[in-house]
Amino acid sequence: MDFGFTEEQEGLRAEVKDFFINELPVDFRPGVFALSEKLVAFVKEVESKLGKRGWLAPVWPREYGGLGLSEIERGIIREEAGYWEMRWPDWSGINPTGPALFLFGTEEQKRRFLPAIGKGEAIWLQCFTEPDAGTDEANIQLRAVADGDDYVFNGQKCFISSNPIKPDYLYTEARTLDIEPKHRGLTLFLIPADTPGITYNPLPTLADFLTLEVFFEDVRISKEYMLGELNRGFYHAMTTFEFERVETGNATSLKQDLQEFIQFCRETKRNGKPLIDDPQVRDTLAQIVVDIEVLRLHLWRTTWRLSEREKLGPLDYELGSFFGKELVVPIYEAMMNILGLYGQLKTGSKWAQLAGSVERRWRTSRSTHIAGTIEAMKIVLAGRGLGLPRRR
Ligand SMILES: Cc1cc2nc3c(=O)[nH]c(=O)nc-3n(C[C@H](O)[C@H](O)[C@H](O)COP(=O)(O)OP(=O)(O)OC[C@H]3O[C@@H](n4cnc5c(N)ncnc54)[C@H](O)[C@@H]3O)c2cc1C
């Protein structure tokens, strides 16, 4: 088995690396989406430049804003972006809205929406979660009622990942039929974000992520904004969720943090000796290295299988995301323990070590609800992945 990349692929990696080195300030480490408008506007600009080169959605065909490359090239680009902890303002557009459009959109919808997403020119929000429908997605209550050529929406979404830039479109799921089982009455829609009747309310989280509540009051949109088949939205959405799971950048971003931390342990003395000389610290760091490498190899294995056009199941998709979520909490907890009481100090405190970045990442790492909770993933892995019987 050959784990290497081709010469062209190494060339692409060098090109992408150079792009980030040239575009970003040397100390650029946003860590998480900081809430500053200035920072997000800057990242948006970099996103657009990346989009112009076709690197945001490299596997998409050229006519839709991509380069027609394989999953391997996508994995390389995402690895390089992950090193800088880049989370694009339009992440929800690239994923999962883009794949949903490819799979279920009409040709007209594809031509209208995909190029702008691929070029980083539009901001999409994925609006699925509601106060009574998170893991239990089938319980969605946002109503879309047919009225002539339109649908009229009433209801609410919550915890919608956002940033301080105005969105252009919402990718959402609404109830179009009251039926048992409930998941047979849901439909996907693409809604212009400035449609009258939609209001937004910030819902900041402990982890520094900005999320929104989105309210719909008699929101009227044309039926041409429906995506896929009527009342098949739940099944469509389940198919596209899988695209969110394979993210090679997750391993490189952890690797970068670890390198920074190891350097800190080299330079910082405790009881007269560098931290790195403490056997317990060395043992902890070695374990983290092993864990990150296992994650990296798993993500690349799945990426390679995707590039070979293998039909993958939940075990392949979910495992990388699940393992990544399970991994980050103990990694940052271990770093916090090594920092001792200093670890609790936030960015801005003059005594904060590593500018408070470990504390911030430790907090971010607790935010495991995004794109499905750990418990929900375990249920999918056990049932659909391993074929274990459901608990009654
Ligand atoms: C930072 C952040 C960003 C987010 N961004 C988005 C976004 O952009 N778009 C969007 O639509 N949503 C978003 N979400 C929402 C996220 O998808 C939901 O939080 C998630 O689906 C869980 O739903 P819930 O919060 O309603 O929790 P619940 O489903 O109410 O779950 C609460 C707890 O119960 C557990 N649980 C639930 N059911 C079971 C079960 N059957 N067996 C065992 N345990 C169970 C869960 O694991 C969890 O620990 C975001 C959330 C966060 C925190």
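**Second pocket**

I started with the lining of the second largest pocket, where helix 4 gives the most, with 5 residues. The model I am looking at is predicted, so I kept its rules in view: local features need pLDDT of at least 70, side-chain atom pairs count only at pLDDT 80 or more, and totals for chains, interfaces and linings use all residues. Residues are numbered from 1 along each chain as its sequence is written, and side-chain values use heavy atoms, with hydrogens and water left out.

My pocket is an open set of points on a 1 Å grid over the protein atoms alone, with protein on both sides within 12 Å along at least five of seven lines; a cavity is a set where a 1.4 Å probe fits but cannot get out, and lining residues have an atom within 4 Å of a point. Points join across faces, edges and corners, and a volume is the space filled by probe spheres set on them.

The second largest pocket holds about 880 Å³ of space. I found 26 residues lining this pocket, with Val59, Glu71, Phe243, Leu306 and Arg309 the closest to its centre. By class I noted 15 nonpolar, 5 polar and 6 charged residues. Domain 1 (7-89) and domain 3 (245-385) both contribute to this lining, so the pocket lies between them; the domain bounds come from an automatic or database assignment.

**Cavity**

Next I looked for cavities of 30 Å³ or more, and the count came to 1. I listed Glu71, Arg74, Gly75, Val246, Thr248, Thr303 and Leu306 as the lining of the largest cavity. Helix 3 and helix 8 each give two or more residues to this lining, and helix 3 has the largest share, 3 residues. Helices here are DSSP runs of H or I with at least four residues, strands are E runs of at least two, and both are numbered from the N terminus.

**Ligand**

Then I turned to the ligand, which 16 residues surround; near means a heavy atom within 4 Å. Which elements supply at least two residues each of the shell around the ligand? I found strand 3 (150-161) and helix 11 (374-385), and strand 3 gives the most, with 3 residues.

I checked polar contacts, pairs of N or O atoms within 3.5 Å. A polar side-chain atom of Thr129 sits 2.7 Å from a ligand nitrogen, and one of Thr135 sits 2.7 Å from a ligand oxygen. Domain 2 (124-229) and domain 3 (245-385) both give residues to the shell, so the ligand lies between them.

Methods:
Polar contact = N/O pair within 3.5 Å; in protein donor to acceptor, adjacent residues only side chain to side chain. Nonpolar A, V, L, I, M, F, W, Y, C, P; charged D, E, K, R; others polar.
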